[in-house]
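Colleague: I would like to learn how to read a few features of a model. Can we take them one at a time?

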Amino acid sequence: MAHETRGNEMENSTTSNSATSKLLSPYSRPLIRNAWYCAAWADELGETLLARRILDWPILLYRTESGDPTALLDICPHKLAPMHLGRREGDNVVCGYHGLTFNQHGTCVRNPQGNQIIPPQAKLRSFPVVERFEVIWIWMGAPELAGPSQIADFSDIGAPDRKTVRGGHRVESNYMLMVENLMDLGHALFLHGQSAGTANVELAESKVFQENGAVMDQRLYRGIAAPFTFASYVNRHDEKVDFWTDITWRAPSLIQNYAGVSPPGQARDPASAIFQVGSHMLTPETQHTTHYFYAHSRNYALEDPEADAVYKTWQRKALKEEDSLMAEAIERNVPDASAMGVDMVMLSTDVSGFRVNRILDELAAAEQ
Amino acid sequence: MAHETRGNEMENSTTSNSATSKLLSPYSRPLIRNAWYCAAWADELGETLLARRILDWPILLYRTESGDPTALLDICPHKLAPMHLGRREGDNVVCGYHGLTFNQHGTCVRNPQGNQIIPPQAKLRSFPVVERFEVIWIWMGAPELAGPSQIADFSDIGAPDRKTVRGGHRVESNYMLMVENLMDLGHALFLHGQSAGTANVELAESKVFQENGAVMDQRLYRGIAAPFTFASYVNRHDEKVDFWTDITWRAPSLIQNYAGVSPPGQARDPASAIFQVGSHMLTPETQHTTHYFYAHSRNYALEDPEADAVYKTWQRKALKEEDSLMAEAIERNVPDASAMGVDMVMLSTDVSGFRVNRILDELAAAEQ
Amino acid sequence: MAHETRGNEMENSTTSNSATSKLLSPYSRPLIRNAWYCAAWADELGETLLARRILDWPILLYRTESGDPTALLDICPHKLAPMHLGRREGDNVVCGYHGLTFNQHGTCVRNPQGNQIIPPQAKLRSFPVVERFEVIWIWMGAPELAGPSQIADFSDIGAPDRKTVRGGHRVESNYMLMVENLMDLGHALFLHGQSAGTANVELAESKVFQENGAVMDQRLYRGIAAPFTFASYVNRHDEKVDFWTDITWRAPSLIQNYAGVSPPGQARDPASAIFQVGSHMLTPETQHTTHYFYAHSRNYALEDPEADAVYKTWQRKALKEEDSLMAEAIERNVPDASAMGVDMVMLSTDVSGFRVNRILDELAAAEQ
């Protein structure tokens with residue numbers, strides 16, 4: 001495992017103009033197509049036709065009668081009608097305009113009009129989909145490059161020894177504004193008002209790793225009061241704890257955050273820690289809007305509905321009303337910042353986000 | 001009268017890539033200017049100033065005191081105020097900003113400001129208009145090419161031996177999406193749910209004619225149950241009928257549809273048929289929006305308010321909520337289909353629409 | 001003082017095509033940056049953070065604890081968050097995302113994140129502001145050119161021997177449409193319905209002056225009934241008066257209008273005139289929207305709330321519902337007029353507006 005301190009890297013990047021100028025590009029970088037994205041929660045998919053825009057393509061999602069998830073381009077090649085305005089007929093989908101009927105592979109199987117001949121090029125583009133970890137994963141790039149083994153391990157979602165609380169919403173910003181948000185939890189002090197627990201304390205540890213294309217950002221606060229999500233579940237409420245966050249990013253926009261509290265000196269010890277895994281999946285809807293799927297899977301208070309409520313509230317308040325509102329405000333500021341030549345600055349805590357952007361720049365360049 | 005079967009024409013067009021690629025262009029084709037369009041129903045025009053955008057120009061419409069319809073550019077040449085914010089003064093219109101006054105020919109007849117001199121170039125562009133068939137027809141092209149004799153015969157509207165039900169609404173799509181809709185009534189089975197009468201029956205006749213620049217599409221179903229608009233007015237309700245539709249398109253977007261039912265074997269026999277004439281006039285508001293005017297003139301149940309209600313309901317439900325909603329959905333899909341290289345296909349029933357587009361391509365090319 | 005009649009100037013400009021074609025450009029002319037603009041009324045500014053877009057830049061406005069007005073770019077250089085989503089801390093402002101803290105000069109004074117080092121380029125651009133005449137004036141151009149002595153004398157606002165009624169609203173048009181509106185009060189007859197007092201009467205005097213870069217337009221009507229704003233305050237209601245308006249424009253969009261009534265033959269005599277000074281400050285929000293600030297300061301009925309109400313009503317009805325609505329309608333017409341090659345005309349009363357545009361053309365050219 002490559003281990004690095006952030007010292008030189010940051011000094012260079014905060015003083016180099018070229019590094020600085022690259023920082024405006026993340027929000028207009030071409031979307032990465034050769035990757036698995038969360039298209040929907042598994043239980044969103046059923047018999048009815050679900051229309052969802054993904055990577056700026058209109059996609060039709062449904063399940064066949066045997067339960068297989070299906071993703072087709074949501075445009076009939078006859079007169080360009082959206083297929084989701086049609087209806088299911090067995091495993092097929094019937095266009096609501098003139099009745100052209102396609103099977104789950106996108107092959108036209110019926111033309112009810114006139115001579116009833118099926119034109120050979122009548123087909124809907126089909127997209128690879130896989131159901132795993134309660135998620136419908138979709139591959140929007142070259143189909144021959146899609147391998148289910150590339151899907152990252154999100155087995156924390158719904159794991160039997162955890163209690164998972166899930167949610168999702170749409171953000172009116174480029175997905176990178178949410179990725180950068182999640183890669184630097186230092187914003188929690190200011191945006192989420194968690195000043196009680198962690199303000200004015202020094203980070204005891206801040207490590208940035210890179211491994212197999214993933215970027216890890218690990219932080220540790222020693223001997224502080226437990227943050228509020230955990231406070232009620234620590235044995236003694238006045239007890240000081242070690243609070244740690246281990247974040248892993250995988251391209252292009254999958255983030256897992258192990259965050260927990262441990263008795264002082266025992267950070268991350270699985271025997272004594274109580275923690276939750278935040279699973280964050282950011283799927284670009286367009287260049288400027290994002291589907292945000294998230295789950296929190298905790299290893300404590302598994303049967304406690306009040307703990308569920310804590311996470312539900314957190315998802316609504318912190319992820320939606322605070323993080324996403326901020327991302328949307330920044331999205332609107334980006335053209336101004338660019339036009340006004342704002343000289344962006346990096347802080348030491350931006351190292352992991354910086355690396356993420358460097359990797360995505362390479363991936364995007366390779367796809368062009 | 002030129003008579004053609006559609007066989008070879010379709011085979012060629014469904015396999016030729018060049019023909020296919022042309023099919024994306026209808027919705028971005030430059031609007032045809034040298035043509036008569038329906039600007040308004042005659043009874044929409046009165047003393048008050050009516051503002052309506054036509055072919056992407058803002059037009060001011062009113063009647064003079066002697067009843068002559070008048071169409072002027074809705075932009076005062078002084079300070080660019082919309083003239084419709086002003087007021088009538090006899091046959092003149094007074095700008096609501098500084099009072100420049102123009103007569104019904106667009107000539108400035110009064111400057112109430114300062115030295116009161118009328119600048120020689122102070123005029124509003126005037127557009128040829130003709131009132132005929134309960135319609136105000138407008139010519140948006142070169143005025144010297146405008147001849148009232150070019151106005152198509154829409155004398156079915158309000159004809160004394162018919163009962164006419166009229167309506168209109170605005171569609172948020174290019175006008176061609178509605179033209180293509182009307183040229184292929186095969187969509188009725190799927191979009192309007194008329195499956196009871198006509199599903200799974202073979203077309204006994206399908207002819208496409210072309211004559212003097214008009215395109216005719218005639219279809220016949222033999223021995224079926226009467227479609228619901230006619231069913232109550234057929235002598236015996238269990239009787240099988242011949243159902244026929246005769247559609248005529250004239251450039252750029254005028255469509256007449258004779259649709260009726262006859263005793264078996266007597267299709268179109270005027271003595272025994274009950275039928276209605278659908279008059280459809282599609283006037284581009286902009287490249288992406290359309291004023292849709294329509295009238296249904298029936299030869300039966302002339303005094304029956306229930307028959308009126310059937311057509312009112314049809315206009316609202318089929319033409320507005322179904323056809324127009326579909327056209328609007330396709331309008332939004334067009335940029336995607338183009339970006340994603342969707343390979344459009346033609347069905348045998350698209351021959352008349354294909355010809356319409358070919359003629360309009362030629363007209364548009366000639367105007368450029 | 002340069003004195004000119006408008007004769008030749010108008011003849012030339014109404015017949016010259018090049019002068020005419022230039023008339024379309026005022027509404028797309030680049031905004032003038034080296035000038036003092038009204039950013040806000042002084043009493044709009046307090047402890048809270050006020051966000052306002054000015055000349056298409058997002059600006060943050062607040063007062064320090066000692067009362068100094070402060071204007072900073074509303075974009076944090078760290079992650080581009082709008083600073084107005086943060087909070088005050090003494091004279092400083094704290095970013096609501098990661099806590100970067102800036103003083104009233106825009107210098108970063110605290111980085112609470114990670115190594116807490118403040119990057120040298122971390123700053124918010126600061127804009128010169130001056131509080132004078134109940135107005136916060138802002139300079140959006142090159143700071144070294146900003147001199148408070150350049151601020152025009154608007155001491156009528158709130159002057160102790162006057163009674164001032166103030167207001168403001170946002171107009172969805174380029175600021176020049178309001179400037180031209182104010183430079184030609186001939187529109188009042190038509191847009192504001194003041195026909196009772198002044199219709200069909202000849203201007204006894206119409207002078208256009210130019211002096212030190214200012215343009216003055218002075219008009220006089222002799223022996224007419226007093227306009228309604230003054231009518232109740234004239235000694236004898238049936239008395240005929242001289243009604244006069246003296247308008248002064250200063251670049252780019254500051255206008256003062258002295259308008260009053262005097263006994264016949266004594267126009268503008270300070271001893272006998274009752275008048276009001278209209279102070280109009282038009283600050284471009286964007287190229288297509290405007291902040292409109294206005295005050296009416298009268299020399300009569302100083303303690304009369306009914307006179308206040310007359311002006312409040314005038315501001316709402318004439319300036320907002322009539323003038324601004326017209327400007328917004330024209331703004332929407334401008335692209336059409338340009339596309340359709342509308343040949344604009346000038347009237348004799350447009351001389352002052354013509355000169356204003358000529359000066360602004362020069363200023364804009366000098367700034368490019």
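Colleague: Which elements of chain C each supply at least two residues of the lining of the largest pocket?

Modeller: Keep in mind that this is a predicted model. In chain C, the elements are β11 (135-139), β14 (214-225) and α8 (351-367). The most comes from α8(C), which gives 4 residues.

Colleague: What is the volume of the largest pocket, and which lining residues are the closest to its centre?

Modeller: The volume is about 460 Å³. The lining has 24 residues, and Ala35(C), Gln150(C), Arg250(C), Ala251(C) and Pro252(C) are the closest to the centre. Sorted by class, the lining consists of 16 nonpolar, 5 polar and 3 charged residues.

Colleague: Pro252(C) is on that list. Where does Pro252(C) lie, and is the peptide bond from Ala251(C) to Pro252(C) cis or trans?

Modeller: First the general idea: most peptide bonds are trans. The bond from Ala251(C) to Pro252(C) is cis, and its omega is near -5°. Pro252(C) is found in the loop that joins β15 (240-250) and β16 (254-262) of chain C. In chain B, the bond from Ala251(B) to Pro252(B) is also cis, with omega near -5°, and Pro252(B) sits in the loop between β15 (240-250) and β16 (254-262) of that chain.

Colleague: And phi? Is the phi of Asp56(A) positive or negative?

Modeller: Again the general idea comes first: most residues other than glycine have a negative phi. Asp56(A) is not a glycine, yet its phi is positive, about 70°. Asp56(A) belongs to the loop between β3 (50-54) and β4 (57-63) of chain A.

Colleague: Back to α8(C). At what angle do the axes of α3(C) and α8(C) cross?

Modeller: For a pair of helices, read the distance, the angle and the hand. Helix α3 of chain C covers residues 175-183; its axis and that of α8(C) come within 9 Å and cross at roughly 145°. The crossing is right-handed. On the α3(C) side the contact is made by Tyr175(C), Met176(C), Val179(C), Glu180(C) and Met183(C), and on the α8(C) side by Ser352(C), Gly353(C), Val356(C), Asn357(C) and Leu360(C). By class, that contact has 6 nonpolar, 3 polar and 1 charged residues.

Colleague: Last, the chains. How many residues do chain C and chain A put into their contact?

Modeller: Chain C puts in 31 residues and chain A 33 residues. About 2,700 Å² is buried between chain C and chain A, and carbon and sulfur atoms give 63% of that area. Of the area that chain C buries against chain A, 26% is supplied by Leu80(C), Tyr97(C) and Gln121(C), more than by any other three residues.

Notes: Residues are numbered from 1 along each chain as its sequence is written. Chains are lettered from A and ligands numbered from 1 in the order in which they are written. This is a predicted model: local features need pLDDT of at least 70, side-chain atom pairs count only at pLDDT 80 or more; totals for chains, interfaces and linings use all residues. Side-chain values use heavy atoms; hydrogens and water are left out. On a 1 Å grid over the protein atoms alone, a cavity is a set of points where a 1.4 Å probe fits but cannot get out, and a pocket is an open set with protein on both sides within 12 Å along at least five of seven lines; lining residues have an atom within 4 Å of a point. Grid points are joined across faces, edges and corners, and a volume is the space filled by probe spheres set on the points. Ala, Val, Leu, Ile, Met, Phe, Trp, Tyr, Cys and Pro count as nonpolar, Asp, Glu, Lys and Arg as charged, and the others, Gly among them, as polar. Axes are lines fitted to C-alpha atoms, for helices over the stretch in contact, and angles run from 0 to 180 degrees between N-to-C directions. A crossing is left-handed if the near helix is turned anticlockwise from the far one by less than a right angle, and right-handed if clockwise. Contact means heavy atoms within 4.5 Å. Buried area is the accessible area (1.4 Å probe) that two parts lose on being put together, summed over both.
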